[in-house]
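Here's a quick tour for anyone new to this one. Have a look at the structure first, then read on.

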Amino acid sequence: MLQVRMTGLCRPNRAKISGIFGRGDMKLYLDSGRAPNPRRVRIFLAEKGVTLPTEAVDLGGQAHKTAAYRAINPMQRLPALVLDDGTVIAESIAICRYIEALHREPPLFGEGALEQALVEMWQRRVEFHLLTVVSHVFRHLHPAMAPLEVPQVAAWGEANKPRVLAFLEFLDGELAGRPYVAGPRFTVADITAVVAVDFMKPAKIAVPEDLAALRRWHAEVSARPSVAKER
Ligand SMILES: N[C@@H](CCC(=O)N[C@@H](CS)C(=O)NCC(=O)O)C(=O)O
């Protein structure tokens, strides 16, 4: 169990955290399916060997739009981590950083000034230029996303497909020179990247055959127990 300290940040009105979502106990709210951001946190926890009490929120059924969940995360997004004192940490990377601060090993955000900066750089690059861009394709083109992505703009979905491929080509060139996205070891940048690449499948974008370094890296990280288990 994680040790919890009051941070004073982002404390919701505890009285609001009630009803179907319970009250007071630490809980990690995840989706009930295969949504990419909750998957990032699942993989991160598995790498750390940390288990938290979880509750599934049905995105398809729009349970994240209910008043009970809005009281937890007014942004109506998953994942969200509620601490024992009622503090809410949303945003996948913020949750991962909190876990990392409490459980240092293995260091998934890097160690020392230089490695930490490089991991941050790559994590942001992969999140903004790959995961977000793949998400635009999926959210604006997949019929199942129409109720959540309003307005759904098919032309924007199509416009993002070449951006995905351009970034993958760039990443392939980088991975030709090192084993992992940010350097010699597996980090949170690899977690975001593998989740983004896997998310290309439901977004109906194929990974080009000729990106050999990217394919080598993808096969290796996909074989990690954390990634294989948290599909
Ligand atoms: N920036 C957030 C994004 C969270 C997010 O968009 N989560 C998706 C699931 S992958 C979600 O909750 N979508 C609900 C919706 O679009 O209404 C993070 O990194 O956690």
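## Two packed helices

Start with helix H1 (residues 36-48) and helix H6 (residues 188-199), which pack at an angle of about 140° with their axes 10 Å apart. Helices here are DSSP runs of H or I with at least four residues, strands are E runs of at least two, and both are numbered from the N terminus. The axes are lines fitted to C-alpha atoms, for helices over the stretch in contact, and angles run from 0 to 180 degrees between N-to-C directions. That angle makes H1 oblique to H6 (under 35 degrees is roughly parallel, over 145 roughly antiparallel, 65 to 115 roughly perpendicular, and the rest oblique).

Who meets whom? From H1 come Pro36, Arg39, Arg40, Ile43 and Phe44, and from H6 come Val188, Ile191, Thr192, Val195 and Phe199; contact means C-beta atoms, placed from the backbone, within 7 Å.

## A word on the model

This is a predicted model, where local features need pLDDT of at least 70, side-chain atom pairs count only at pLDDT 80 or more, and totals for chains, interfaces and linings use all residues. Residues are numbered from 1 along each chain as its sequence is written.

## The sheet

Four strands form an open sheet in the order E2-E1-E3-E4, with mixed pairing; strands pair if DSSP finds at least two bridges between them. At the edges sit E2 (54-57) and E4 (88-90), each pairing on one side only. From one strand to the next, the twist averages 20°.

E1 (residues 27-31) and E3 (residues 80-82) pair in the antiparallel sense over three bridges. Leu28 stands opposite Leu81 in E3.

Conventions. Contact = placed C-beta atoms within 7 Å.
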